[in-house]
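Dear colleague,

Please find the structure below, handed over for your records.

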Amino acid sequence: MTAESKRPSHEVFHIEGEGKKAFWTKIGGAWSHDDGDGFTISLSCLPLNGRLVVRKPKKDDKQKDDAR
C-alpha cells in the first residue's frame, strides 16, 4: 500500500492574518515517512501568500472521519 492511500498523519493549512484574526483553510494532508525523518505532502491548492502549517489532526476530527 502506498503512503497516499492511507489516512494522512497530519493536516496542511493555509493561514492568512495574525493572532485571533487569522483565517485557517485546510488545503491538504501529510503522511509521515516510515523512518520518521520527513513527510509526503499533498495539496489541493497552492497559496500565493500567507503561510503553511502542518498539524496532527484533532481527536474530534478523527472521530468524525471514522463515523463516515
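Strand β2 (residues 23–32) and strand β3 (residues 39–43) run antiparallel and are joined by five bridges; two strands count as paired if DSSP finds at least two bridges between them. Strands here are DSSP runs (E, at least two residues), numbered from the N terminus. The model is a predicted one, in which local features need pLDDT of at least 70 and side-chain atom pairs count only at pLDDT 80 or more, while totals for chains, interfaces and linings use all residues. Residues are numbered from 1 along each chain as its sequence is written, and side-chain values use heavy atoms, with hydrogens and water left out.

Strand β1 (residues 10–16) has six of its seven residues buried, that is, under 20% relative accessible area with a 1.4 Å probe, protein chains only. β1 pairs with strand β4 (residues 51–55) over five bridges, again antiparallel, and Glu11 stands opposite Arg55 in β4.

Together, the four strands form an open antiparallel sheet in the order β3-β2-β1-β4. β3 and β4 stand at the edges with a single partner strand each, so one side of each has no neighbour in the sheet.

Yours sincerely

Note on methods. Buried means under 20% relative accessible area, exposed over 50%, partly exposed in between (1.4 Å probe, protein chains only).
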